[in-house]
Amino acid sequence: MSDMLWHAHCLYLEIQINNKKAMDKENTDIFIKKREILIGRFLSGDEPEFLEKHSSVLDEYFFTIFEKSISSRKLTIAGTPFAIIALGGYGRKEQCIHSDIDLLLLFEKEVPPEVEAFLQELLYPLWDAGFEVGYAVRNVNECLEMAFERFDILTTMLDARFICGASLIYSGFMERFRSDLATKHLKHTLNYLYEHGEKRHFDFGDSTYLIAPDLKSGFGGLRDYHTLLWYAKIKSGIKTRRDLEYYGFLSNFEYLSLTESLNDIWKIRNFLHSITKRKCDTLYFEYQTELAGLLGYRSKNRAPDVERFLGDLHKRMDFLKQINQIAFEDILESTRIGKGTSEFRTTKIDGLVIKKGRLYFTNTVAVLQKPDLLLKVFLESGLRKIPLAIETRRIVSEFLHLVDDKIKKDIACIKIFKKIMSQSYWEFNVLNVMLATGILEKLIPEFSAIVSKIQYNHYHLFPVDKHSIRCVQIINSFKNHRGSATKSLYYSVFKEVRNKNILFFSALLHDIGKSDPAKEHSKTGAKTAKPIFERFGFNATEVNDAVFLIGNHLILIKTATRRDISDEETAIYMAHKIGKIRLLRMLYLLTVADSQATGPKAWNEWTENLLKDLFLKTMGVFRKGELASKKNQRLIDKRKKIVLDLLKEKWSEDKINKQLESMPQRYLANVSGQSIVSHINLYTNLKGKDFIWQVSEENDPDIRTISICGKDKPGFYSKIAGVFFLNNLDIIASQAYSYGEEHVIDIFKVKPPKDRIFEKEKWEKAQKDLVHAINDDHFLDNALDKIPRELQVSSGKNPKPNTVRIDNETSSFFTIIEVFTYDFPGLLFSITNALYRTNTNVDVAMVATKVDQVVDIFYVKSLVNDAKIENEHELTLIKKAILKSLPHITAKEMNNEKS
Amino acid sequence: MKKVEAIIKPFKLDDVKEALSEIGIFGMTVTEVNGYGRQKGHKEIYRGAEYVVDFVPKIKVEIVVSDERLDEAVETVRNAANSGKIGDGKIFVSPVEQVIRVRTGETGIDAL
């Protein structure tokens, strides 16, 4: 070829290529323009068939490129024709604005390398324009192989649709695909479909009520519909959605509802794509307001009405969930051996029959004659875990007027309703069906106020009605033992709840006051719920329990998160407030269920631990009895009143109450009102000093009471005991209490000095000694040496040996140490010093001598971490130290008496 | 600039928040955390079964302040979180190299 010719040829080629490029550009521009107009029409509400038309615009584009392409013609001429096939959503003609465009180029045999040139023509302009196009180039055999190897490929193949090219290759492939599926892979595929669906629900959770519902993959999302469609395609080879009804997968009613729901969800999805400008299928919190406005949800003041928008969406997604249930039931049924016959099977209930795994009324006349069937059908459904046929649901909805006052008051019917309550589980919650059919509201008209009531915030994931039903469902889950240690706690607490009906009903109605705008929903709820419980025939005690539970359903969680639960007073306060063990149990389970049903912001391991801790500690207070008892509480209230009366001239009531609140219940229960006042005076006069004390003479001239208020320093109690010993003052009894956050009150009953003339001087010396002892940790070491090492007792031949008992179960807050020994001078000092030297702090002491045998009880905590001592080794050391501090006990010689 | 991380008792959060806003510190990050220091976990017994609370639930409050305000901020947190008991928590202070406000691109103290 000459140079000139060569140049001419090159020029020709260049023009050709440029022409081609210009043409491609033109095609793409036309496509983009058409698509934009279509989207514009859709967004302004003028395009009801957007999805289908959107798919068609795409089809047209691919068709044009294919027609005009030289490389595609070359491929055909070279004997390697191919088909262009739409897959997935595009294949179903359900192409949303920013959804991926999935394509398959299918060849009969080997894929020729020349296909590359065509792909460039076909796809590059789209990629350049920012479209997400996924493609695969395969031959028939590869395709079949992969479809049965990978489930995601199989499902896209189910939706395959021919666009252009060699249609015979497409139809040939589809024929083989369908026949292979039906003959070799049916069972496996159905199993896969089922398992995949379960996994998806596990991964995504119940999407309808999440703050950000996933319109595609979540429970109640479009996938639920896809699953039914795929199943129908696998099972009966149906081609389009319309066939779902024609082939009997759905009733006409169901099909129409499905179309309606899909149209709404697609519309929302397209708007979501449009405002996010990308393939976004999660309805994030921040888009919800804008979308509500765009979709025409507006309140009276024209502001977007998000709560109504979400309420409607939830209804739609609820329907898709039902569709999913139908698909799943069918899949299960068809994979089971024996298969469901289309014959009716009878049930034990006259008037109810089962067909293909659904519950039916035998006929509508039966319902008219026996309206209680309207309730029985739900119990049967719950017990046998067989869903109501959609027809059955419709009948229930249409015959609601039969649920009249007579039925509502009928004892047998109420009993059925109570039973239904205990049959509501996660996988199969019959209460939701009762809600959907309207019968729940018919039975409890007050429930209407909270139906579809959405609380638009990050905290509440569910509308109030669904939340309440979830609560009942979660309580039912406590019947299940498996799982973590905490789960087994719920299990054992649940088992101990005697009146489970009260718990279930309280769970269902705990938020019944939520419609109250005053935000006092617990109080309002208790008021609203009372007549409901009375109507259902609960007795007075039961009604009171329920009213208490509903009125106080937040106190446990509030206290657990807002009060210091490591403080015994919190648990005692809780025990007083709740009053009865049975109420505490129910309240605990209700709180757990309520929090779990609210969402992850309200429930996580962190809150679970706090709540569990508070429950166990409050339970501990109840078990110990004395502090939580009504009698004790009355005594304390009486004392508080005395203190108020005695102080009211000097102090304001507020100030006195505040002071009283800082005192432990145990102290208030054990100390007289008069003494409490004198301790308050001591405390007021303390003013920065280490301690202050007061000696008072009791009725008995041989006893003095020394009340000491001081800063809570380690060893303080032991040092007081030591100082008395040092000054030869016999301690008869003593009590120690913590007082406020940083102080202690110690009360000693002591025998006065024998020499009464200088009694005052004696006390003064003791007081000085205490100052020394506080400042010098070894000041009392000499006194320690004076403690006897041997002790002879005269109580029978065999005196009981010294015993130290450690009780770590009675209290959640303290280790309780009980010391049994015989009285000797310096006894208290000896023991408490041993405790102090083993890093143990005495918080409460009850020391009393009876004759010469003594039982001293100490409530102690570790000085290291201010908590109960649980380390076995440490406990052994403490025990040993106490025993070592006690003298060896021997019996007095009694031989003389004998002889 | 300094980062102040305070691990406090859950029920003290409101006090700390309030005290900080009183001295003009409003922004903070609050996290629910579990942990233990000297105040170890403990066990409870219910119906003979032991329930171990391994970790103690705590709240972590994080704030970033200018160097000049550090002492004041730390003191404020400490006072508010203090109940005089073990388990009241700890405060960690560490240097912060840079702060950038995402929206405006402001840096340093302006971005606080």
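Which residue is the bridge partner of B:Lys3 in β6(B)?

Modeller: Happy to! The partner is B:Ser94, which sits in β6(B) and bridges to B:Lys3. Please keep in mind that this is a predicted model. That bridge brings us to the pairing of β1(B), residues 2–8, with β6(B): the two strands run antiparallel and are joined by seven bridges.

Now step back to the whole sheet. Chain B has an open sheet of four strands, ordered β2-β5-β1-β6, and the pairing is antiparallel. At the edges stand β2(B), residues 29–35, and β6(B), residues 89–95; each has a single partner strand, so one side of each is left without a neighbour in the sheet. On average, and ignoring direction, neighbouring strands here are turned by 20 degrees against each other.

Two helices pack on this sheet. Helix α1(B), residues 13–22, touches β1, β2 and β5 of chain B, and its direction makes about 10 degrees with that of β5(B), which spans residues 56–65. Helix α2(B), residues 70–81, touches β1, β5 and β6 of chain B; its direction makes about 5 degrees with that of β1(B).

For comparison, here is a sheet in chain A. It is open too, with three strands in the order β5-β6-β7 and antiparallel pairing. Its edge strands are β5(A), residues 344–346, and β7(A), residues 358–361, each of which pairs on one side only. Neighbouring strands in this sheet are turned by 40 degrees against each other on average, direction ignored. Four bridges join β6(A), residues 352–355, to the antiparallel β7(A), and one bridge pair across these strands is A:Lys355 with A:Arg358 of β7(A). Helix α16(A), residues 373–384, packs on the sheet by touching β6 and β7 of chain A, and its direction makes about 165 degrees with that of β7(A).

Finally, a word on how the two chains meet. In chain A, 26 residues are in contact with 23 residues of chain B. The elements giving two or more residues to this side of chain A are α23 (485–496), α27 (555–562) and α30 (605–624). Helix α30(A) provides the largest share, with seven residues. By class, the side of chain A that touches chain B has 11 charged, eight nonpolar and seven polar residues.

How values were computed. Residues are numbered from 1 along each chain as its sequence is written. Chains are lettered from A and ligands numbered from 1 in the order in which they are written. This is a predicted model: local features need pLDDT of at least 70, side-chain atom pairs count only at pLDDT 80 or more; totals for chains, interfaces and linings use all residues. Two residues are in contact if their C-beta atoms, placed from the backbone, lie within 7 Å. Ala, Val, Leu, Ile, Met, Phe, Trp, Tyr, Cys and Pro count as nonpolar, Asp, Glu, Lys and Arg as charged, and the others, Gly among them, as polar. Two strands pair if DSSP finds at least two bridges between them. Axes are lines fitted to C-alpha atoms, for helices over the stretch in contact, and angles run from 0 to 180 degrees between N-to-C directions.
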